[in-house]
Structures are given as C-alpha cells and as structure tokens.
Amino acid sequence: MSLAPDLIHLVITVAFSFLVGMELKTYRQQYHAQQENLYFGTARTYTFIGLLGYIFYKIDTVHLMLYLAVLIVLSLLFLVLYMKKVEEGKSSILPFVVMLSVYALGPMTERFPLWMPSLLFVLIIFLLNAKPSLQRLSGGINTHEFETLGKMVLLSAVILPLLPRTNVIPYLSISPFKLWLAVVVISGISYGGYLLEKYLFPSKGYFLTGILGGTYSSTATTVVLARKAKNTGNSAVITAGIIAATSVMYLRLLVVALVFNVQIARALALPFFGLALVGLIIAAFYLRLKKASSVKPDFVDKNPLELGTAFLFAFLFALMMFLTGFVMQYYGNNGLRGLSFAVGFTDIDPFVLSLLTGKYSVAETQLVSAIMIAAGSNNILKSAYALWFGGLKGGMHSALWIALLGVVTIGVGFWI
C-alpha cells in the first residue's frame, strides 16, 4: 500500500525544516557563539515554522489568507528581536531570511516536484557553510570584475536577442545576429579563460599560466612569459608554458569551429588535435627539466572583455568577411591562401570566424586549408615575439618549437 501524497509532503517538509534548524544552530556555535540569545529560535522552532507553513497553506490553498497572516506574525516577532539586535550593534537578517525559506518549504513541496524543495534545502545548507569561502572570494575580487560581468550580460543577453536574424548588411552574407553571436562566443571563451587563470588558479606555475593563457590569448601569454624568461634562470618551465599556450590555441580554434561549423570542425579535428598533442608533449619534456623557483609567475592581468574590444572585433569580423569574399571572387584559392598567411600576423579570430560563418562558393577543404595557414603563420609571429622579448637565452627554444609547429601547420594547410 502506497503512502498518501499529503503525508509524504508533510514528512519531507518536517525533515528539511528540522535539518535547516540544526544547521543554523551549528552556524551560530561556529561564528556567533557569544550572541546565542540574539538568534531566532532553535531547531524545534524552525521545524514548527516549516510545519505551520505547510498546514496553513493546505487549509487555505486558494486565498492563502491564513498562510500570509502567520507569515506577518512571524515577521513581527522577528522585528522585535531585530530591534534588540540593533541596540547590541548587530544588524544581520540572516535568521529571518532562513526562516522565510523554511516557511516556504511546505508550499514548494506541495506545488512542485521533489527536486525543487530539495534544491532550496541544499542551497540553504551550502550558503550557511559558505561564509568563509565567500568572504575570501569577495576580498580577492576586483570590483571592476563585476562591471565586466555586466558587460558580458549586456553583450549576450541584451544586445544579441535584439539584433535581426536576416541578412540586412550590404555585401555581407551574414545576419547581424550571427555576426554578434560570434563576438559573444569568442568573448565568452576568452573571459572564461581569464577568470580561471586569475581566480581559480592564481600563481600556480608558468606551465599552467601558459595553458590557461592559451584559452584567451596565446600571443599575449607568449609575450608575458618570454619577458619573464629573459630575467630568470628558470627558463625550461617558461619554455614549456609558451609552447603549451600555442598548443591550447589549436584546441581553442577547434572549439570555435565546432560551435559555428561542425563539418569544418570535423576536418580540423585530426590535424589540430595532433598538433596540440605534439606541442604538449614537447612542453612536458621541458617541464621535466624545470628548476625549483620561488619567483611568482606572471599572467596577462588584463581582462579581455571590454565593450570597445567587442565592437572592434565585430568590425574586424565584418571587414574580414568582406575581404575574404572579395579575394575569393577575384583571386581564387591562391588569393585566399595568401590572405590567410598575411592575416596570421594579426588577430586571426575575426578571419577564422569569417571562414566558419560565411557562405562562399568554395570547397570545404579550401576553408580548412585557409584556417590552418592562418594558424601556422600566427605561430611564426609568436616565435618572433618569443625570440624578441625573451632573447636568445630565454626565448630561443620556445621560438624554434613554435616556428616548427607553424611551418608544419602551414605545410599541412597547403597539402590539404
């Protein structure tokens, strides 16, 4: 015989309410042991609050007058306690917020599937235990990062949905929506890599700096690490980091291709995975030669997500799409390859996206070839940066390997 649904809901509400009360008691003992008398109730109190919320919701499900009346009474009782807390120099309303959450458990259990009240219970427990972590996190975050997060929301959730999905831009076979979607994807990948490096893995070593830096700018990471290699004797691990950044660039381009053109991504998968693997193996070899060092690693402490950068990227994307179509129309495949090689000495992302999203009357293999040539020539640029900023001693090894990867990439591109 199965249990009545109302009994199951009541048991779930009582159990979750009691456990929240127990957790809040632990929280008080850990963080506010001297102000025990200034807290709103015990585990039994919160159990009764959850029970009352369920009962009065069931009594008057339509108008909820009893449910709201009890909520007002509980709020007034807390107001009395809060006024006393203010006199003692305390102003936290956390117990009241927890009480409201417990009071809402009954109706949630009745109206929604089990995962909904369970999720509320889990969030209450996690947030009560997250106080030290949240304090450390808030103390370590630059306030500018919240502005940057707002920009990311503006780019993706405000501007993108408002753009037309039809091709209204003269001479471009792409809609404003798809053009800006490319900006959002590139910005999101770059921003995510930046946050990982700065907040989750800060000062974890030059090799990890190279890997994470490659997710948003392998060129900038190469410059920063090459400069460091020039001034430190621990050049083997920095060499590993520089090579790792270029290796991750291949994977990053593959992810971008997968988002916008699955067919091209499939064609790029084998060569790009192979080149990335070779680069990481070479980097691992140099990593084994590293010396112990107490020098704090540097990373590119410059947030890549800026509105000016995003609009510039959109302009370059549109320009590259126009140039690519023009070159293909008048100069054919050889002209496209020449353009690919030249573009590699600049920012290749707009060009790669123009190939992935544009509608060109060329074979897929020609687009794959152009992407590989651009990536290869970009490696040659980075090898020059590594040698220039790192000098012969600090940058020679990384420059040689990156240049070799670039030559192989270009060779495969021409062979395709």
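Select H15 and H16. Their axes come within 10 Å of each other and cross at roughly 170°. That crossing makes H15 roughly antiparallel to H16, because an angle over 145 degrees counts as roughly antiparallel, under 35 as roughly parallel, 65 to 115 as roughly perpendicular and the rest as oblique. An axis here is a line fitted to C-alpha atoms, for helices over the stretch in contact, and angles run from 0 to 180 degrees between N-to-C directions. Now show side chains. Phe351, Val352, Leu355 and Leu356 of H15 touch Leu367, Ala370, Ile371 and Ala374 of H16. Contact means heavy atoms within 4.5 Å.

Before you go on, know what you are looking at. This is a predicted model, in which local features need pLDDT of at least 70 and side-chain atom pairs count only at pLDDT 80 or more, while totals for chains, interfaces and linings use all residues. Residues are numbered from 1 along each chain as its sequence is written, and side-chain values use heavy atoms, with hydrogens and water left out.

**Stop two: the whole chain**

Zoom out and colour by secondary structure. How many helices and strands does the protein have? There are 16 helices and zero strands. Helices (H or I, at least four residues) and strands (E, at least two) are DSSP runs, numbered from the N terminus. Of the 416 residues, 45% count as buried. Buried means under 20% relative accessible area, exposed means over 50%, and partly exposed lies in between (1.4 Å probe, protein chains only). Take contacts between residues at least 6 apart in sequence: 75% of them join residues at least 24 apart.

**Stop three: inside H16**

Select Ser383. This residue sits in helix H16, which spans residues 364-415. Is Ser383 buried or exposed? Ser383 is buried, at 9% relative accessible area. Find a polar atom of its side chain: the backbone oxygen of Ile380 lies 2.6 Å away. Leave aside neighbours within four places in sequence, and Ser383 is in contact with Ala399, Ile402 and Ala403.

**Stop four: a buried pair**

Select Asp349 and Arg252. Their side chains meet in a salt bridge, 3.0 Å from N to O. The two residues are 97 apart in the chain: Asp349 is in helix H15 (residues 349-357) and Arg252 in helix H12 (residues 235-260). A salt bridge is a side-chain nitrogen of Lys or Arg within 4 Å of a carboxyl oxygen of Asp or Glu. Side chains of opposite charge can pair when their charged atoms come close. Asp349 is buried, with 9% relative accessible area. Arg252 is buried too, at 10%. By this rule the count comes to three salt bridges.

**Stop five: a network of three**

Select Asp6, Lys58 and Glu110. Salt bridges link them in a network. Start with Lys58 and Asp6, whose side chains meet at 3.2 Å, N to O. Lys58 is in helix H2 (residues 43-59), Asp6 is in helix H1 (residues 5-31), and 52 residues separate them. Next, turn to Glu110 and Lys58, which pair at 3.1 Å, N to O. Glu110 lies in helix H5 (residues 105-111) and Lys58 in H2, so this pair ties together parts 52 residues apart in sequence.

How exposed is each partner? Check one by one:
- Lys58 is partly exposed, at 31%.
- Asp6 is partly exposed, at 38%.
- Glu110 is partly exposed, at 22%.

Stay in H5 and select Arg111. Arg111 counts as exposed, at 59% relative accessibility.

**Stop six: H11 against H12**

Select H11 (residues 218-230) and H12. Their axes come within 9 Å and cross at roughly 175°. That makes H11 roughly antiparallel to H12. Residues of H11 including Ser218, Leu225 and Ala229 meet a set in H12, among them Ile238, Ala245 and Met249.

**Stop seven: H4 against H6**

Finish with H4 (residues 94-103) and H6 (residues 115-129), which pack at about 165° with axes 11 Å apart. H4 and H6 are therefore roughly antiparallel. Leu94, Val98 and Ser101 in H4 meet Leu120, Ile124 and Leu128 in H6.

Key. Polar contact = N/O pair within 3.5 Å; in protein donor to acceptor, adjacent residues only side chain to side chain.
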